[in-house]
Amino acid sequence: MKHRATTDLATLLAALDPEADLAQRHLWLIELLDWVRGARDSVPATVARVQEFLDAVQARPDIRLRWQAWWAALLDRVDITTLLADFGFAPRTGLLSEMAERLRTRLLPASPETLDASELFMLALPCGFDAQWLAALGEAPLQRLAELLTPAAGAAADTARATRWQQALLDAITYCAGQILATGFVPEMRLRMSASARAAQPFHMLIHDVEDLRVQLLHAQRNPEHIEAAAQRLRERLEACRAAAATVYAHFEENGVSVGLVFRLRQLRVRILRVRELLDCLLSPRPAAAAARLMVRLVVVGQERRSLRALLAANSSLLAAKVAERSAERGEHYIARTGAEYRTMLRKAAGGGALMAGTTLIKLWLHALALSAFWGGFLSGVNFTLSFVLIQLLHFTVATKQPAMTAPAMAVKLKELGASDAIESFVDEIAHLVRSQVAAILGNMLAVLPAVLGLAALIAWASGSPIMDRQQAEQALASLHLLGPSLGFAAFTGVLLFASSIVAGWAENWFVLNRLHSALHYNPRITRRLGTQRAARWACFLRENISGFAASISLGFMLGLVPVFAKFFGIGLDVRHVTLSTGQVAAASAVLGPQVLHLPAFWWAVAALPLFGALNVSVSFYLAFRLAMRAQNVSGVDRARIYAAMRARMLRAPWGFFLPARRARP
């Protein structure tokens, strides 16, 4: 619902009282701007109300005197420098503290009884519409407003010295420069700059350049050429500081990303931009128009200041890029492009499926123990984790862990779409990827099925009783029914698979960022205990496998514990992993015997298995692909061309998405 002002201009002008207390003066300003905005649906109407206000003040000398006295009282009590120098910046140099500050700003009401111009600005100009009508004000009304705010006697005196507005701008530039200097001297920032940037020492002379500009502007006999030269030196110094800070990103490429340091870098860059804006406003030949542009920018900053989403998006994009990049490096190993790689993928998947047979039977045994919800879920997580880690160490594979790793590798190809054959090349990669997933799922399912049947028969022969009774077997089949909630559970499992890939990328980035490879390799205490060669081997082993271990451990415990926590909150979630579900069907079939083929529940469960695999793979791939596209800045790619090329390939060579191409005969 749009807000409509209820106070008319005559009432507002009658209520103008420069002697009122602080809160009342600020409330009058808020009401005045609310009247100016009106229904917030027409910029020309708002500009016309500004003209109406200026006409009313100019037509009555008594109101003009009260208006100027009110403005002087505002400048005497409120610190405008905080608005110019600090508005829009985090009060603390941390992402989490800034998130807490934005939540406080959104949830807690603000008081107009304040000496902070930033707080008053947020109350007086709270919406994006304010930026529109401020930008639409022409030179004439802005000049009239400046004249009405300045007493006639003071205007002549200000021509020979800096105005109060220029003093405030100079103070704001000084405060911003101090913050830039402090950030540039932070050890974690300074040590990550390039050697050439540190040697140039751009931050050391920043305050000197600011003070030089202040001296030139406040000099009794100001020289425009000297002022412009000082301003140019300051601009060049700011650019040198920005370039030096930008070298930290090159360090990230090799040594991992710190979210906290990315936050500091972005704050530093924005502060440098703010100093440039203040400098342009300070030296502008049209100060009223420059001040209006600065106010428009501050309104936009105020809107961003309220947004948690903008904060997270701005500061997590680089980390997302590094996580996707780490995953892309691993994902290349999961794409089979040739017939030999396809057969290798089948063998690795068969090995993984055989090991998952034991995982399935242990899961059923834990279920039969009827443990409490938490301990049952925890032990299931341990079971899954140990299985996934063992599969990794034996260089086998589990089909559903692949897509979240392969999607970033695919997104890297999208950066090359400008080439003439890039579309066909990308469709080739899609075909290779789909074939790889088909091979992995087939290998898992075809291996886990006979392995579970064999192990179940062996256990029954050794113990004299089946692994579960008939009722439990029938319930196991019913839980996998195609028409039940299982398809939704399979899609949810795809989300967990994607989440495990994020944990994997983050863990590897953390490992690299903290230089643990070097610490394990060279730390004296570690080398004394393990020996130099063994420490080097362990360092290389962990560097190569930390991502896989993080993915396996996180996925295992999520599969075991997330349904338990969901049920605690009354949410009926479960997991449907295609390999585990196939093993569950095989175990139930081993108990029920050949007559299972006559049960409709068996065929409904069998029909659901391919869809479980498709949902596990497609959901995790889609989420990872979206992340990778954002990280690679390829969201503007012409997807219609890609879809058209994929449809054409499906019609021309559909089997190429499922089987490798045969080698042409010589």
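The protein chain exposes about 33,100 Å², and carbon and sulfur atoms supply 62% of that area (accessible areas come from the Shrake-Rupley method with a 1.4 Å probe, and for residues only the protein chains shown count as cover). The model is a predicted one, so to speak of local features takes a pLDDT of at least 70 and side-chain atom pairs count only at pLDDT 80 or more, while totals for chains, interfaces and linings use all residues. Residues are numbered from 1 along each chain as its sequence is written, and side-chain values use heavy atoms, with hydrogens and water left out.Of the 666 residues in the protein chain, 47% are buried (under 20% relative accessible area, with exposed meaning over 50% and partly exposed in between, using a 1.4 Å probe and protein chains only). The protein chain has 30 helices and zero strands; these are DSSP runs numbered from the N terminus, with at least four residues of H or I for a helix and at least two of E for a strand.

Now for a pair of helices. Two packed helices are described by the angle and the distance between their axes. Helix H2 (residues 22–37) and helix H7 (residues 117–124) have axes that come within 9 Å and cross at roughly 35° (lines fitted to C-alpha atoms over the stretch in contact, with angles from 0 to 180 degrees between N-to-C directions). On the H2 side, the contact (heavy atoms within 4.5 Å) is made by His26, Leu29, Ile30, Leu33 and Arg37, and on the H7 side by Leu120, Leu123 and Ala124.

Thr527 sits in helix H26 (residues 524–530). Thr527 is buried, with a relative accessible area of 18%. Setting aside neighbours within four places in sequence, Thr527 is in contact with His521, Tyr522, Thr532 and Ala535.
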